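Subject: Structure for you to look at

Hi,

Here is the structure I promised to pass on. Please have it open while you read my notes below.

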There are 2 protein chains.
Amino acid sequence: MSLTEASKTTDADPDGGRRVGRRQRVLGYVVLVALPVVGCVIALVAAPGGSGAAAAGHSAKSSTATLLLAASGVLAVALGAGALAARIGQPRVMGEICAGLALGPSVLGELGPEVSDWLFPPDVVTGLDALAQLGLVLFMFGVGQELVQVQQSRIERGFTLVTLSSFLVPFAIGTATALWLWDEHGGSAGEPLAFALFLGCSLSVTAFPVLARVLTELGLLKSRTGRLSLYAAAVGDGACWVVLTAALALATGEGAGDQWWKLLVFAGTTAMLLGPVRTGLARVLDGPVRYSPAVVSTLCVAGVAASAGLTAALGIHQLIGAFVFGLAWPRATKRGNGEAALTSVATIAGLLLPFFFLGFGLSLDLGDLSLSAEGAVLLAVLLVLATVSKVVGAGLAGYVAGLSRTQALELGILMNTRGLTELVVLSIGHEAGVIGTQLFVALVVVTLVTTAMTGPGLRLLRVLRPAKT
Amino acid sequence: MSLTEASKTTDADPDGGRRVGRRQRVLGYVVLVALPVVGCVIALVAAPGGSGAAAAGHSAKSSTATLLLAASGVLAVALGAGALAARIGQPRVMGEICAGLALGPSVLGELGPEVSDWLFPPDVVTGLDALAQLGLVLFMFGVGQELVQVQQSRIERGFTLVTLSSFLVPFAIGTATALWLWDEHGGSAGEPLAFALFLGCSLSVTAFPVLARVLTELGLLKSRTGRLSLYAAAVGDGACWVVLTAALALATGEGAGDQWWKLLVFAGTTAMLLGPVRTGLARVLDGPVRYSPAVVSTLCVAGVAASAGLTAALGIHQLIGAFVFGLAWPRATKRGNGEAALTSVATIAGLLLPFFFLGFGLSLDLGDLSLSAEGAVLLAVLLVLATVSKVVGAGLAGYVAGLSRTQALELGILMNTRGLTELVVLSIGHEAGVIGTQLFVALVVVTLVTTAMTGPGLRLLRVLRPAKT
């Protein structure tokens, strides 16, 4: 069937109701369209003028209107930018991130500050921030789940070597860079060790979701390189969050004595979650009773929020609690109740993430990266270090483990995708005062550039060295 | 297979990873559990004491913690109450509504006001309210979609009669009651006509989602009574929202002159949505290009929010805009992209509705229904009128249209389910100052009682008169 034929059939079908009964349809329209209009006209003509309640209810009403309009604006811009990104061969999330940046002071704040003020008053920002927080903890739940999912994959030769190398090489280089950058770009927390650990993390992150998308698009998902990179990304991200926890504890530590009991509670909760809670959940999800996906997803979201909230209350970042709950939630089995719920949770996270990108964009002004020679050097050095450390760290290990040269290079390029995960890491570090603002903005740019490079890089590699496998 | 056997197999299966490789699993645990703990311990022991950033970031952090804990608390209580309701043979949503009421001043505010104040500070309420607003507009989108879905069902003999009668009889009785109630229970808007229209609506609402659930549980979904009641409920709800629009316009009207252009914009938008937008959406959704469910649901949510926000900005209630967008969104076809997205949107709405119940509970104190003789009379009269008008209005018409006496009674009991839709109607009316607080609380109680009666009523009917069909 050609495309034209397909679109012809489609044109006839959506109005399937036409066949069912034209009269009924017309009746439906009359009732549903004409009546509200007529009703409103009569009502307004009859309206005797101003009344007290109207004025009283007005401000609450207009704030709801602004919230809804702002939410739809954020989603629409994200959708448009995502479609644009897909059209030029980039992952959708790149477009969505850029949309968030564009709605912040970097672009909209420059072009039309009054639009920005009107669309995002403080009350609305608080509301949108709640949506962003929910989206973000659900995203981090997904990061934890990836590790649970790859745990069942067979470990082949070279997996461990590649995983270690693709994490440790960038991490070591990042930590070493800290010596050079500390004096000028240290954050307000004043913690050189936290700064070094954080820089190591920020070079060694690989974004699992973006990587999976790129692999799917290039048809590499089932190839050895693909499996290898996904495994290394999931395990590496896990290690990153561990190090990040330590760095945050260092940066926000208020003296050891005060924190001991919090730490014990956190350790206890983590053990509970990964032990009895995990077993109990698995029994419920795979048990004989069928629960509707709505109930299971509510349970899942409630658990994520509880774990995240508790961790935040203990002074450890909420996303670490969400990550731990992602590890605790048992992997979905074909027979169980969990699969549809996990899909829903991922959809909700994807739907709400544009609000995080908005918050991210609002918190960051690309103009802070002054266009001095110094700023350019910082950016260039970080970009080169990030790319080289990942390509060499992962690629060389892959070559040693028996990949061909082309495959090894492919692996290195794949592992250089930092995407969304890196942005989350950066915003946490900046918020906690671990890194300075200029370094933060530079690392955001590095993230965007390295993520954008992955697709074109792989395509270029295919043109230069056609695959033999 | 017995239950014990089933649970045994389940015990073995969720840990399928065990078979894949025990060593790998142990390694995973060591990396993922031990390391963060060790890292934190080292970090905290090394921490040199207080720092500036920690204090600065503290208030923002604790507000996020409270938001997440409050959200998880609301979801957990809703989940528990829903499970409890299901166990005693009630729809889950009844439990969720009661959970919302319990978290408000009626119960938690009485028992532990300090818990309530700690869990729901103003900032957190603003955030949760954003979640509730999103849930509510998505729910109203679903109400509109039901009408689109029933449009394709075959109209059988008696459908029109039953639909009209089950809407008009309670509506007429409700309007008549207004004469008696106006003096004492009129709202602050001071609009007798709006009050009368509103009372008519509040008696004639039938909650489609709860009805569908009850029908499924009783195995009546495909029976003639079931199809009849769903059709009548969907069309009746549509009519209700039309009348409600008029009542709201009356109550909040600020003089005809000022509102004319707003009305024109609303009529124009509605026509646009139901005309070109609907056709365009149908072409996209059923077209040859496959979009991921995430993209389609984002499009859907953005559209709902835009339509709702625009309507709210025009001074008409946001839920009416969401309802209109529900009418405009084309029904899902098997071949199209829309089905998974609609499921996701319904799941999100279901997930977020507990936050609406919370807001509802926070806005209402059951103690306002003073236990005087007068309050009891009001409650009893409304309860009898609501039940009788629905049972007679729908049942008699069903009998005339050829149902057996038992089936007609069944139909009448089914149509008496008011559930969630009625709560939404009531909260809008109360907010706009159409009805007084005491009447509002009484109608909420009537809603809960009539909804709770449906299941037991039908079961009782089956015991008394075993079905012959």
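Axes are lines fitted to C-alpha atoms, for helices over the stretch in contact, and angles run from 0 to 180 degrees between N-to-C directions.

Please keep in mind that this is a predicted model, where local features need pLDDT of at least 70 and side-chain atom pairs count only at pLDDT 80 or more, while totals for chains, interfaces and linings use all residues. Residues are numbered from 1 along each chain as its sequence is written, chains are lettered from A and ligands numbered from 1 in the order in which they are written, and side-chain values use heavy atoms, with hydrogens and water left out.

Chain A overall

Chain A has 20 helices and zero strands (DSSP runs, H or I of at least four residues for helices and E of at least two for strands, numbered from the N terminus). Of its 469 residues, 58% are buried (under 20% relative accessible area, with a 1.4 Å probe and protein chains only). Taking contacts (heavy atoms within 4.5 Å) between residues at least 6 apart in sequence, 82% join residues at least 24 apart in chain A.

Two helix pairs

Helix 8 (122–150) and helix 15 (318–328) of chain A pack at about 40° with their axes 7 Å apart, and are therefore oblique to each other. On the helix 8 side of chain A, the contact includes A:M140, A:F141 and A:G144, and on the helix 15 side of chain A it includes A:A322, A:F323 and A:G326. By class, the residues of this contact are 12 nonpolar, five polar and no charged (Ala, Val, Leu, Ile, Met, Phe, Trp, Tyr, Cys and Pro count as nonpolar, Asp, Glu, Lys and Arg as charged, and the others, Gly among them, as polar).

In chain A, helix 11 (208–217) and helix 12 (224–252) cross at roughly 170°, their axes coming within 10 Å, which makes the two roughly antiparallel. Here A:F208, A:L211, A:A212 and A:L215 of helix 11 meet residues of helix 12 including A:G226 and A:D237.

A loop residue in chain B

B:L220 sits in the loop between helix 11 (208–218) and helix 12 (224–252) of chain B. B:L220 counts as buried because its relative accessibility is 9%. Beyond its neighbours within four places in sequence, B:L220 is in contact with B:L215, B:G226, B:E410 and B:R462.

Best wishes

Key:
Buried < 20%, exposed > 50% of the residue type's maximum accessible area, 1.4 Å probe, protein only. Parallel < 35°, antiparallel > 145°, perpendicular 65-115°, else oblique.
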